[in-house]
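Hello! Please have the structure open as you read.

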Amino acid sequence: MSSALDALAEGATRLPGAPGAYLDIVAVGKIFGSFTALKDVSLSIHEGEFVSFVGPSGCGKTTLLRAIAGLDPATTGVITQAGREITGLPPAERDFGIVFQSYALFPNLTVAENIGYGLRGPAWPKPRRRARVDELVRLVGLAEHAHKYPAQLSGGQQQRVALARALAPEPGLLLLDEPLSALDAIVRLHLRQEIRALQRRLGVTTIMVTHDQEEAMGVSDRMVVMSRGRVEQVGTPEEIYRRPASAFVAGFVGRSAAFDAVVEATPGSIRAAGHLLPAEAARGLLYGTELRVFVRPEDVRLGAAASQMPGALAMEVTHLEFLGATCRLTLEAPRLQLEAEATPDMVAALGALPGARLPVAVPADRLLVFRADV
């Protein structure tokens with residue numbers, strides 16, 4: 001369906017691009033009784049951006065989305081959309097479309113009727129309404145299903161209907177609340193690619209809440225990582241993954257091994273569980289400073305590639321997971337554990353089976369180092 005989607009979307013109206021912020025969130029807070037769900041959240045989103053809110057359960061990401069929509073209005077702060085303050089406006093007076101995890105389709109209405117449900121009033125006379133519905137059922141690849149009811153569709157098809165219904169009134173802002181979490185892995189991957197392709201061609205500013213980090217990294221222009229009602233970091237997926245702003249972000253986004261260490265007297269070195277390791281990020285820190293260190297599996301070097309590197313260790317393979325294109329190895333030295341990734345061919349060449357001992361090293365510029373007291 002992707003090529004058909006691309007061809008149809010090329011003919012769709014693009015929203016004008018703008019360098020400035022389209023959605024401004026300033027010092028927003030939300031309190032439910034004695035519980036503070038959002039604390040002084042400030043964020044700017046540019047027109048046409050695809051931004052994802054990620055974080056653990058209870059971090060405030062869905063509450064922030066609902067505050068933007070007016071479903072749970074902010075207790076404090078200001079929200080401005082396209083230069084218009086919307087903080088206290090009811091949802092019906094805000095310019096957005098929303099897709100929920102549960103789809104929320106009307107079971108007694110057909111696909112076409114669901115999509116056209118919100119197209120009412122003098123702005124949508126019958127011919128324009130019919131043309132818009134026809135455009136959208138084609139755009140999401142459901143033209144042949146327009147007269148079916150939701151119960152006759154697959155989960156992925158129902159989600160496409162929900163997406164088309166949200167886009168039908170031509171909103172300036174599209175809000176996606178865990179839109180793919182109810183689908184199986186293959187359908188989720190396919191549909192997230194379709195959503196991103198459609199968003200790029202329509203140019204609609206989009207915010208997605210998701211618990212799936214890979215999903216967020218795969219579709220987002222920027223990610224907003226949240227914890228305990230606050231924004232921990234905002235950045236591109238690469239910035240968030242490679243240059244996390246805090247130990248929380250480093251541990252939450254992506255997979256990593258984590259361990260405690262202290263800064264050594266030799267500049268650019270740390271000691272972890274008695275092992276001396278080079279770490280460029282430790283330069284400038286005082287001797288004895290306590291650290292929390294993270295290492296990504298793909299940054300761990302094995303075998304001959306590791307043996308000549310500074311800080312190389314002999315580590316035992318204690319566990320091996322076959323994941324298809326890659327294998328994940330658990331490596332242990334006294335009081336220190338790392339994870340590494342390698343292709344099946346590399347595992348075979350190294351003899352990296354459980355019980356084997358291998359030279360292991362991590363490049364000095366790949367250790368993510370954070371002060372333990374921050």
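1. To begin with the lining of the largest pocket, its classes are 10 nonpolar, 2 polar and 3 charged residues. Here Ala, Val, Leu, Ile, Met, Phe, Trp, Tyr, Cys and Pro count as nonpolar, Asp, Glu, Lys and Arg as charged, and the others, Gly among them, as polar. This is a predicted model, in which local features need pLDDT of at least 70 and side-chain atom pairs count only at pLDDT 80 or more, while totals for chains, interfaces and linings use all residues. Residues are numbered from 1 along each chain as its sequence is written, and side-chain values use heavy atoms, leaving out hydrogens and water.

2. The largest pocket holds about 370 Å³ of space. Among its 15 lining residues, Phe96, Gly97, Ile98, Arg165 and Pro169 are the closest to its centre. Strand 6 (97–99) and helix 5 (155–167) are the elements that give two or more residues to this lining, and helix 5 has the largest share, with 3 residues. On the terms: over the protein atoms alone, on a 1 Å grid, a cavity is a set of points where a 1.4 Å probe fits but cannot get out, whereas a pocket is an open set with protein on both sides within 12 Å along at least five of seven lines; lining residues have an atom within 4 Å of a point. Points are joined across faces, edges and corners, and a volume is the space filled by probe spheres set on them. Helices (H or I, at least four residues) and strands (E, at least two) are DSSP runs, numbered from the N terminus.

3. What lines the second largest pocket, with its space of about 240 Å³? Its lining includes Glu113, Lys126, Arg129, Arg130, Asp134 and His147. Helix 3 (111–115) and helix 4 (126–139) each give two or more residues, and helix 4 gives the most, with 6. By class, the lining has 5 nonpolar, 2 polar and 5 charged residues.

4. Of the 13 residues lining the largest cavity, Leu277, Gly311, Leu338, Ala361 and Val362 lie nearest its centre. The lining has 12 nonpolar residues, 1 polar and no charged ones.

5. Just after helix 2, Gly70 has a positive phi of about 85 degrees.
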